[in-house]
Amino acid sequence: MKRILCQLTAFTLLFIFIFLSNVTAQQNLSSIKGKVIDNDNQPIAYTNVALYTAADSSLTKVGYTLADGSFVLPDLEAGKYWLNISFVGFKSYLSDPFDLPENKEVSWPEVKMEATDSELDMVVVQGQVPMLEIKKDRVVFNVEQSINSAGISSLDLLRKSPNVFIDNSGNIRMMGRSGAFVAVNGKIVPLTGGDLDSYLRSLQSDQIEAIELIPDPGAKYDAVGTAGIINIRLKKSTEIGANGTFNSGYSIGNKSRYNASLSGNYRNKSLNLYGSYGFNRYQDPYKEEVTIQQGDQFVNLAATGNIDRKIHSLRGGIDLNLSPNSIIGFLATGNFTEGLWNVSDRAKFGNVSDGIVDGQLWAESNTIIDRTDLSFNLNYRYANKKGTVLNIDADYAFFENLRNNTQPNEIRDPSGSTLISETTYFSNLPTTIDIKSFKVDFERPLGEGKLGAGLKYSAVGSDNTFDFFKEEEGEFVLDPTRSNTFFYDEKISAGYLSYSISFGEKVNLLTGLRAEHTRSVGDLQDQQNTENQVVNRDYLDFFPSLNLEYAASENHNWSIGANRRINRPAYQRLNPFQLLLNQLFYSQGNPFLLPEYATAATLTHTFKNTLTSSFTFSHVKNLMTELYLPGEDNVSIYSFVNLDDQYQYTLNFSAPLTLTDWWETYSTLTAFYIENKAELSGVSFDEKATAATFSLQNTFTLPKSLSLELTGFYNSPTLWGVNQRLGTIWSVDVGARKSILKNLGSVSVAVSDIFRTNVWPSTSDSPIIYVNEFRVQDTRRLLFTFTYNFGNREIKGSRRRVTSMEEEKRRRN
């Protein structure tokens, strides 16, 4: 430990020394300076100054005027832009497109703002922020522009996003490939499975600005996400002063849901204070039918359940400007969840050959959940005009999940009228996880390009207790054969180098190499003579990445990318205890799960910066997936296994189009071929499938500040997991939104899953076990939302920060 800390300190000092040295490399950056006055030639302070790229009207730089009316937009690359200058009580100023040369300070002609009679004059630039944007390295879904995205959780929002599919276990497929991970503001979300589900439900769409699909992240990112990263970009204010936003929503389905949030921000010349609070009541009723056959035995299960969550979310921070080039900040976040998960199971079991029912299982399950998730980040950032950047993050996170479950089980005769036996179980399952992390990132110009380097060290400690009780003579007695304690410790040391360079105006190259050394210990302690109680692992991996772009002409752009990435098992999935779902079903971890590795290569073509097509080949080694396994006495075990290999070929097309000045549409089509190979329980699997997904979004802009939206998606039958065949899933949503209160507020109404077709049908058929599942959730809903912005709208918001424990916290479940 001391040796690693010494190495980290040495590298950190080396980077600081390099950055403090007199670097000679220069970037040909330009700047724009100007002044804004009123009709009486008096300066206007705190005017909002925004610079947009002429090609796609994307926001490039935001600034504001000082007390003397002057403004400066520094560190600008050469290109074609236009300016938008606005202030309350004045007509907005929009410039014509202009060319900004390299290495030049441009003095903008003095801008005289004309007063307006109305209290607030807003200029809407059509197409300024389209709902979906196709960029070189990502697809951007601008949530604020989507009506059907209002008033829902980020989990539901991701499920509506083009080229994204999430199953009931929290596994994510992006652009047809499985193994994608979620990030927020560039930070990998520290959760998987049920914990990821709970977190995404606590984050409402009104807090989200955009969702970015990044299929090929570079070496700077942790090497997780075998199919790439889905980055949720939270809203960020761009003005000066103090302001706030209130959001509320209510939806009606089988159960009601509601949410409310309040956020505020204050900024002056030297500091920025920000904070938010949100409350979310989320009820999720569902119905499920499962048929399982193993050997000569069958079980037909019908279940109804409801997960009722009350979630409190807090976020607060401060940024201090130490100098024009350096800033230090502190950020704290917390999520607190109280939940009840009630399930009622009715199952018939018997012999397959004669079809006779031998008996029935009547089981109830009542789980109480108390979750606490705290994160703290200390950040320092230095960036000068020469292009040198130093970023240091120190993080600590604490996670606690307190759960207890009461489960009465009744075995009845075939008719269900006569009680044969009755057993009640009680489980206490506390989990605590501590994560410490330290990260340094450094960039500087080198030659004709830019060099990037970084180091990261993380330490994780996970403590899992599983106490299993059985009721005997009215008292719960501990069952030592089913109880245990599982400790997991993991340390990862990582470093990377990256380099980007342009060869003329047509060729751009970005390449990088990341190394990660992992040491882990899984220690199972129980009162039995369990074999292999301690699992030690020590391995070093290298993750290269490459992206080469070629602008063949004004209309045609080509790129080729390749990378290698890893997904490590979630901590809880390594715990080998058996979690009772009911007397016939168990969930069990696997301490021998191996990390999965993915190698992928993609060829992409873009026509007129609009129509994008790509072809990807990927190979995943040790693919982690869920699998039903047979147990004794009709018991089925839901566990986690590694496949030997998965091969996938993916073809993707996407096209955002403006059909008229009031109708915009975006469509995507993904077709893919999957082949899974595995040897499990003495059975060879070689499963193949060809499938396709399609999504379409239509936005209609009507008079009187009214907008309509019609969206939908279609997923054809496909292969999921080892040999699970997923049936057809499709959905259609419609919504309307209107601006009110002089455009400071808005109301919207929407209907999701109109035809109630967003269901989960699947079948797994093998010599080991046959499983057929059908699950229906509360997806058809009527939603109402209200948003109001108050205070000074001229405030520059808090920084978006990527802390140093993205990957470690994600794997807490």
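## The hairpin of E26 and E27

Gly416 takes a positive phi near 85° in the hairpin of E26 and E27, which has 6 residues between the strands. Strands here are DSSP runs of E with at least two residues, numbered from the N terminus; helices are runs of H or I with at least four. The two strands run antiparallel, and 9 bridges join E26 to strand E27 (residues 419-428). Two strands count as paired if DSSP finds at least two bridges between them. Ile411 has Ser421 in E27 as its bridge partner.

This is a predicted model: local features need pLDDT of at least 70, side-chain atom pairs count only at pLDDT 80 or more, and totals for chains, interfaces and linings use all residues. Residues are numbered from 1 along each chain as its sequence is written, and side-chain values use heavy atoms, with hydrogens and water left out.

## Other partners of E26

Strand E26 covers residues 389-412 and pairs with strand E25 (residues 357-383). The sense is antiparallel, over 22 bridges. Asp373 has Phe399 in E26 as its bridge partner. The hairpin of E25 and E26 has 5 residues between the strands. There, Gly387 takes a positive phi near 100°.

E26 also pairs with strand E28 (residues 431-446). That pairing is antiparallel, over 13 bridges. Tyr396 has Lys436 in E28 as its bridge partner. Strands of a sheet pair through backbone hydrogen bonds, either parallel or antiparallel.

## Val460 in E29

Val460 is found in strand E29 (residues 449-472). Is Val460 buried or exposed? Val460 is buried, because its relative accessible area is 4%. Buried means under 20% relative accessible area, exposed over 50%, and partly exposed in between, with a 1.4 Å probe and protein chains only. The C-alpha atoms of Val460 and Ile435 are separated by 4.7 Å. These two residues are 25 residues apart along the chain.

## A three-stranded sheet

An open sheet of 3 strands has the order E12-E13-E14, with antiparallel pairing. Strand E12 (164-166) and strand E14 (177-178) are the edge strands, each pairing on one side only. E12 pairs with strand E13 (residues 172-174) over 3 bridges. Ile166 stands opposite Ile172 in E13.

## The whole chain

The chain has 4 helices and 52 strands. Of its 813 residues, 52% are buried. Among contacts (heavy atoms within 4.5 Å) with a separation of 6 or more, 68% come from residues 24 or more positions apart. The accessible surface comes to about 35600 Å², by the Shrake-Rupley method with a 1.4 Å probe. Carbon and sulfur atoms account for 56% of that surface.
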